[in-house]
Amino acid sequence: MPSPPADSAQPDQRPCVHKFGGSSLANAARLTRVSSILRDAGEPAQLIVVSALQGVTNALVALSETPDDPTTALADLLLRHLALAEASADTMLHDWLRRDFDACAMLLAQARGADCDEALRARIHGRGEIWSARCLQSRLRHDGRDCALLDARDVLTVHRHELGAQVDWPRSQAAWAAWRARNPNPHVVITGFIACEASGADTTLGRNGSDYSAAIFAVLSDARELTLWGDTDGVLSADPRRVGEAMSLPQLSYAEACELAYFGARVIHPQTLLPAMRRALPIRIRNSFNPAHPGTRIDHEQSGMTAVKGLSAMPGMALLNLEGAGMLGVPGTAERVFGALRAAGVSVSMISQGSSEHSICCVIRDADAERAAHALRLAFADEIGDGRIQGVTLTRDIEVIAAVGDGMIGQPGVAARLLSGIARAQVNVRAIAQGASERSISVAVGANDTTRALRAAHAAFLLSGQTLSIGIIGPGQIGTALLEQLRAARDRLRHEHAIDLRVRAIANSRRQWLDAGGDLPADWRARVDSGASADLAAFAAHVHPGHLPHAVIIDCSASDTLADRYAGWLQAGIHVITPSKRAASGPLARWQGICMAAARSGAQMRYEASVGAGLPVIQTLRDLIDTGDALRAIDGVLSGTLSWLFNQYDGSRPFSALLREAHARGYTEPDPRDDLAGMDVARKLVILAREAGCALDIGQIAVESLVPPALMALPRADFLARLQELDANIATRHAQARARGCNLRHLARLDAHGHAEVGLAEVPDSHAAAHLRATDNLVQFTTRRYCDNPLVVQGPGAGPEVTAAGVFADLLRVAGNLRRNP
């Protein structure tokens with residue numbers, strides 16, 4: 001094999017090798033795209049290795065193995081290739097294709113005879129690469145790029161080996177040098193997949209052989225780089241058909257690529273990597289359908305950016321287990337196991353043995369399972385007969401999941417992270433193995449559990465620890481504002497703070513929309529309205545899938561029925577956030593059950609916006625108590641409506657006139673009695689009291705209603721017509737307060753003994769509530785530390801935007817806690 005060239009100050013004139021798979025060459029439009037890719041690369045010399053057109057090799061293999069007349073199928077293949085000749089306006093290619101397809105028909109006729117050999121089959125199976133190479137050369141010439149054409153059988157010599165086709169490097173190198181001397185054109189189209197043996201007989205390099213061809217010619221030509229063009233954006237972190245969150249990996253080491261390929265990933269065949277590894281040849285995996293994407297670079301560099309780079313699954317496996325006390329301390333048992341399997345022609349993919357030597361299990365291909373089990377029963381017949389070995393057990397429908405990454409080397413806790421992620425998905429691991437290189441960990445799981453386990457493992461390693469699957473119930477004013485805030489902040493949070501917020505479900509009282517990805521579309525409301533009927537069980541199950549690490553349900557409704565579900569959601573590990581007061585101020589027994597469920601599961605219950613909208617009222621109270629302070633009193637103006645009314649009222653205008661103005665501005669509820677009765681404020685005080693450790697129910701609060709009993713029973717319209725009946729009482733109370741040098745305010749109060757009251761109160765000018773503005777809320781905490789100068793939280797306490805911001809802040813607190821406690 002040639003050695004790398006000496007360093008030179010001259011521009012690198014070595015060729016670049018490009019290999020295009022069958023999907024990239026399937027029709028005339030794709031050939032045109034390939035031509036553009038090659039032109040835009042701007043490289044001085046290119047070797048272009050091609051596979052057969054998509055599906056052609058499979059068709060030729062099938063035709064060579066069937067006794068049926070191949071005429072119709074061969075005619076269909078011919079029409080596909082003739083369409084490429086017509087697109088290039090190449091009549092010579094048109095005629096050549098017809099002649100060569102006639103020759104192929106003759107070969108197929110021979111293959112149906114009794115004397116068909118491997119060389120003949122190879123001549124048939126490799127015909128597709130000859131056709132596609134001719135068609136691409138024609139397309140490139142049509143586009144003004146002259147290029148030579150090489151049938152790889154004229155250069156490449158291989159010999160058969162139990163490990164596959166092995167290159168005769170000296171002979172191939174000499175043939176390549178001679179061919180290049182006769183064909184100095186810098187651009188060459190080369191057939192992949194096919195080669196010849198030393199005898200001159202045709203042969204092929206096996207499945208994925210065109211990749212191997214490309215690596216061989218890259219070494220023969222001392223290429224700068226090898227690019228394998230396919231239909232994915234490089235190497236993905238997992239199979240995207242199973243893991244929707246799979247991402248393109250920018251870089252892999254040769255060793256990582258080999259491990260992933262061994263365990264079934266659609267990466268690159270290890271045979272392709274060997275020549276590149278020996279020559280330190282960089283390989284790029286790119287997408288011909290998205291050439292702007294840089295794809296994945298594979299080279300000798302190790303990147304420790306993550307412990308695990310990718311995950312792959314090897315399907316169609318079985319678990320073979322030999323177990324018995326008679327194996328303890330007996331040397332040579334493992335040798336007998338693997339000797340018996342080797343004699344039976346069974347390859348072992350994974351081995352796991354307990355340190356007690358009580359059992360040996362291995363993972364094998366399911367197709368070999370019965371033969372392998374029979375071989376072991378024969379090999380250990382005496383031990384099984386006298387009970388020293390319990391027997392041989394065979395478990396079918398197994399898949400092996402491998403986590404691969406150079407970053408695992410020397411890093412503790414990787415296996416624990418893998419297993420805990422799979423356990424979170426409620427998947428049982430049947431066996432586990434880790435090589436001494438520490439570059440991969442493989443686990444055997446049931447085939448029915450593989451997708452769930454893959455998703456969970458992918459989330460554990462390759463998603464942000466703060467990836468949250470979010471479901472939002474109640475997309476009204478607050479819910480809509482929250483969704484827009486999430487949309488605006490999502491990219492920034494992901495890139496700057498590694499917080500990945502995915503809105504995967506939205507529901508109203510009638511309909512719901514469930515999304516697999518989590519990218520909130522602009523037309524989400526239309527999708528909800530046209531979605532399936534609301535089903536909260538299905539909603540919660542979708543929000544909390546096994547493959548995503550954390551789930552959050554945000555309840556922006558005011559439904560008491562939904563509050564009944566919080567404990568169940570929390571018990572299942574779903575975090576709950578709400579601006580509603582229903583849960584935290586509802587029946588004490590229900591609230592205690594919610595808190596117990598959160599404590600048992602570790603899921604978080606957040607409800608900051610239930611008291612002061614966007615104000616950090618509950619968080620401030622928690623901080624005071626958690627740091628050991630002692631609460632003496634809480635005074636609060638907890639209604640934006642009542643705050644505005646009593647900030648404005650000075651006796652110069654009737655209270656009823658101000659109330660009508662507030663109603664017209666939208667400051668009040670549709671029925672102002674909902675504000676004036678004081679019950680909304682009382683619910684907020686219950687929440688604060690419970691947060692402070694008082695087991696308080698709403699019936700224990702002394703609530704003063706500003707609405708006379710006679711007006712409470714009226715229809716709303718009648719009540720609005722009689723608002724002036726409120727004026728006399730308010731005027732009197734205001735005058736009395738002013739006479740004592742005080743201000744009249746609507747306050748909620750809680751003292752150190754748990755006594756709570758809500759209603760009108762007189763406050764001196766020194767009280768913070770005397771200096772509120774507009775609809776400000778205020779909570780004043782008097783504590784042991786803040787006794788002479790109470791701690792005050794003040795600001796807008798109502799409105800969809802600020803309430804949504806309070807909910808959003810709770811969501812970020814959940815994410816922040818996940819960083820500390822993953």
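This report walks through the overall build, the cores and a few selected residues of a predicted model.

## Ground rules

Since this is a predicted model, local features need pLDDT of at least 70 and side-chain atom pairs count only at pLDDT 80 or more, while totals for chains, interfaces and linings use all residues. Residues are numbered from 1 along each chain as its sequence is written, and side-chain values use heavy atoms, with hydrogens and water left out.

## Overall build

The protein chain carries 31 helices and 31 strands; these are DSSP runs numbered from the N terminus, with helices being H or I of at least four residues and strands being E of at least two. With a radius of gyration of 37 Å, well over the 28 Å that the globule rule gives for 822 residues, the chain is more spread out than a compact globule. That radius is taken over C-alpha atoms, and the rule is 2.2 Å times the number of residues to the power 0.38. Along the principal axes, the C-alpha trace spans about 115 × 80 × 60 Å.

Of the 822 residues, 53% count as buried (under 20% relative accessible area; exposed is over 50% and partly exposed is in between, using a 1.4 Å probe and protein chains only). The accessible surface comes to about 34,900 Å², and carbon and sulfur atoms own 51% of that; such areas come from the Shrake-Rupley method with a 1.4 Å probe, and for residues only the protein chains shown count as cover. Among contacts (heavy atoms within 4.5 Å) with a separation of 6 or more, 72% join residues 24 or more positions apart.

The largest nonpolar core has 98 residues, and L97, F217, L226, I283 and I298 have the most contacts inside it. A core here is a set of buried Ala, Val, Leu, Ile, Met, Phe, Trp, Tyr and Cys residues joined through side-chain atoms within 4.5 Å. Setting aside neighbours within four places in sequence, L97 is in contact with L78, H81, L82, A85, W131 and C135. There's also a second, separate core of 70 residues, which includes L562, I594, L688 and L711.

## K309 and D299

K309 is in the loop between strand 12 (296-299) and strand 13 (310-323), and it is buried at 0% relative accessibility. Its side chain makes a polar contact with the side chain of E256 at 2.9 Å. Such a contact is a pair of N or O atoms within 3.5 Å; within protein, one must be able to donate a hydrogen and the other to accept it, and residues adjacent in sequence count only if both atoms are side-chain atoms. A polar atom of the K309 side chain also lies 3.0 Å from the backbone oxygen of Q251.

Q251 turns up again with D299, which lies in strand 12: leaving aside neighbours within four places in sequence, D299 is in contact with Q251, L252, S253 and Y254. D299 is buried too, at 6% relative accessibility, and its side chain makes a polar contact with that of R297 at 2.8 Å.

## S705 and the cysteines

S705 sits in the loop between strand 27 (702-703) and helix 28 (709-712) and is partly exposed at 33% relative accessibility. The S705 side chain reaches the backbone nitrogen of V707 at 3.1 Å. Not counting residues up to four places away in sequence, S705 touches L676 and A677.

As for disulfides (pairs of cysteine sulfur atoms within 2.5 Å), a search of the whole structure finds 0. For C694, the nearest cysteine sulfur is that of C595, 14 Å away. C694 is partly exposed at 21% relative accessibility, whereas C742 is buried at 13%.
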